[in-house]
Amino acid sequence: MLNIQNDLRTLDATNEWYHDYSGGKFYIYGDPAAKVVKMATINYVINIGGYNYLTFDNLNIQGSTLDLIYSDYATNLTIQNCTLNYAGANGFIGASATNSLIDNNIIKNCHKAG
């Protein structure tokens, strides 16, 4: 049986792409000189591992393979007036982020949820 997905040989139209994870290479069909390619290489842009009383205000946070902001048991966390863009999973995820404020943010282009 022939697999027609996830195969470099299937690229036949401009801007189609293939990522060879095992080989660590990224392929794009077309003229690469005319392209700007941005690729996330980290799981979390901000990883709050139990820190408390943090404020993130007016930031542009973008480009993660998982979550842009990951909070694990933080308290008194404030994320406001930020743009969260291009997450492989979630824009923000907080496990027990008690007494926290998430307000007036723009969250877009997240593969799973805001």
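Predicted model: local features only at pLDDT ≥ 70, side-chain atom pairs only at ≥ 80, totals over all residues.

Modeller: Residues are numbered from 1 along each chain as its sequence is written, and side-chain values use heavy atoms, with hydrogens and water left out.

Colleague: What volume does the largest pocket have?

Modeller: On a 1 Å grid over the protein atoms alone, a pocket is an open set of points where a 1.4 Å probe fits, with protein on both sides within 12 Å along at least five of seven lines. Grid points are joined across faces, edges and corners, and the volume is the space filled by probe spheres set on the points. For the largest pocket this volume is about 610 Å³.

Colleague: Which element gives the most to the lining of the largest pocket?

Modeller: Lining residues have an atom within 4 Å of a point; there are 16 of them, and the closest to the centre are Lys38, Met39, Ala40, Ser64 and Tyr86. Strands are DSSP runs of E with at least two residues, numbered from the N terminus. Those giving two or more residues to the lining are β1 (17-20), β2 (25-28), β5 (60-64) and β8 (83-87). The element that gives the most, with 3 residues, is β5.

Colleague: Which residues form a nonpolar patch on the surface?

Modeller: Such a patch joins nonpolar side chains (Val, Leu, Ile, Met, Phe, Trp, Tyr) within 5 Å, from residues with over 30% relative accessible area and no salt bridge. Met39, in the loop between β2 and β3 (46-49), has a relative accessible area of 41%. Accessible areas come from the Shrake-Rupley method with a 1.4 Å probe, only the protein chains shown counting as cover for residues, and the patch has about 400 Å² together. Its members are Trp17, Phe26, Val37 and Met39.

Colleague: How far apart in space are Thr78 and Leu101?

Modeller: Thr78 belongs to strand β7 (residues 78-80) and is buried, at 17% relative accessible area. In sequence, Thr78 and Leu101 are 23 residues apart. In space, C-alpha to C-alpha, they are separated by 4.7 Å.

Colleague: Which residue forms a salt bridge with Asp7?

Modeller: A salt bridge is a side-chain nitrogen of Lys or Arg within 4 Å of a carboxyl oxygen of Asp or Glu, and the count by this rule is 1. With the closest N and O atoms 2.5 Å apart, the partner is Arg9.

Colleague: Where is Asn81 found?

Modeller: Asn81 has a positive phi of about 60° although it is not a glycine. Because its relative accessible area is 32%, Asn81 is partly exposed. Its place is the loop between β7 and β8.

Definitions and conventions: Helix = DSSP H or I, 4+ residues; strand = E, 2+ residues; numbered from the N terminus. Patch = residues over 30% accessible without salt bridge, like charges linked within 9 Å, V, L, I, M, F, W, Y side chains within 5 Å. Buried < 20%, exposed > 50% of the residue type's maximum accessible area, 1.4 Å probe, protein only.
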